[in-house]
Amino acid sequence: MVIDSLTGLLTEACQAPSPNHDERPTGCVPELIVIHNISLPPGEFGGDYINQLFTNTLNKDEHPFFAEICHLKVASHLLIRRDGEIVQYVPFHLRAFHAGVSIYRGRSRCNDFSIGIELEGSDFTPFTEPQYLQLTKVIEALCAHYPSLSKQQITGHQQIAPERKTDPGPFFDWLGLGQALGVSLPAVAQLEPEQDNRNPTATDPDQRSCS
């Protein structure tokens, strides 16, 4: 797999550009990979609803659950579908709105310094072999391209936001992924609030209710 240095795009991915991103703060580079799961409607796979959510085109009338989430401005950098297809929404060098209020090893605002990868799935269903194969390749490509990333710095949404989130959930095979990458996973988040003198505002992406 190849990441274009100019665009921050994975050449093997289908591109579905999302508006739900902005520039990373000055001095911030990708240092953490966060794994998520998502299915729309919940527990159902396939279709275009995830793309619609991440591109702000989800129709609230197509399913009762969509009325609860259609207002969210969220997106991960990548989605890996059940068959292994990869969809990219946000260039890697930009800040995607995927983690929400979160803390990793004393640092809050994980969106600032992380890359978010969604797996099409749920907390109640095993993920597929094609997903793990593609995830491993993506992580290797990211770590090769961005010296600031490390295979040891990979964790789940539930680790960095344990009071809000449960994904990627109990069926995610951290042991298998760690063995494939030669590391022990997930990385421990060690939740300790940092001293942050900034005043969060309603427009702060990390104050939103993210996926």
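Select Glu31 first: in this predicted model Glu31 is partly exposed, at 30% relative accessible area. Glu31 sits in the loop between strand 2 (21-22) and strand 3, while Arg107 belongs to strand 8 (residues 107-108), so the pair links parts of the chain 76 residues apart. Arg107 is also partly exposed, with a relative accessibility of 28%.

Next, select Arg81 and Glu120, another salt bridge, at 3.9 Å from N to O. Arg81 lies in the loop between strand 4 and strand 5, and Glu120 is in strand 9, 39 residues away. Arg81 counts as buried at 9% relative accessibility, and Glu120 is buried at 2%.

Move to Asp112 and Arg95, which meet at 2.5 Å, N to O. Asp112 is in the loop between strand 8 and strand 9, and Arg95 is in strand 6 (residues 95-96), 17 residues apart. Both residues are buried. The model has seven salt bridges by the rule used here.

Last, select helix 3, residues 129-145. Its 17 residues should span 24 Å at 1.5 Å a residue, and the end C-alpha atoms are 24 Å apart, which agrees. Colour its buried residues, among them Tyr132, Leu135, Ile139 and Leu142. To see what the buried residues of helix 3 pack against, show strand 3 (32-38), strand 9 (114-120) and helix 5 (174-181), which are among the partners.

Key. Residues numbered from 1 in each chain as written. Predicted model: local features only at pLDDT ≥ 70, side-chain atom pairs only at ≥ 80, totals over all residues. Heavy atoms only, no water. Helix = DSSP H or I, 4+ residues; strand = E, 2+ residues; numbered from the N terminus. Expected span 1.5 Å × (residues − 1). Buried < 20%, exposed > 50% of the residue type's maximum accessible area, 1.4 Å probe, protein only. Contact = heavy atoms within 4.5 Å. Salt bridge = Lys/Arg side-chain N within 4 Å of Asp/Glu carboxyl O.
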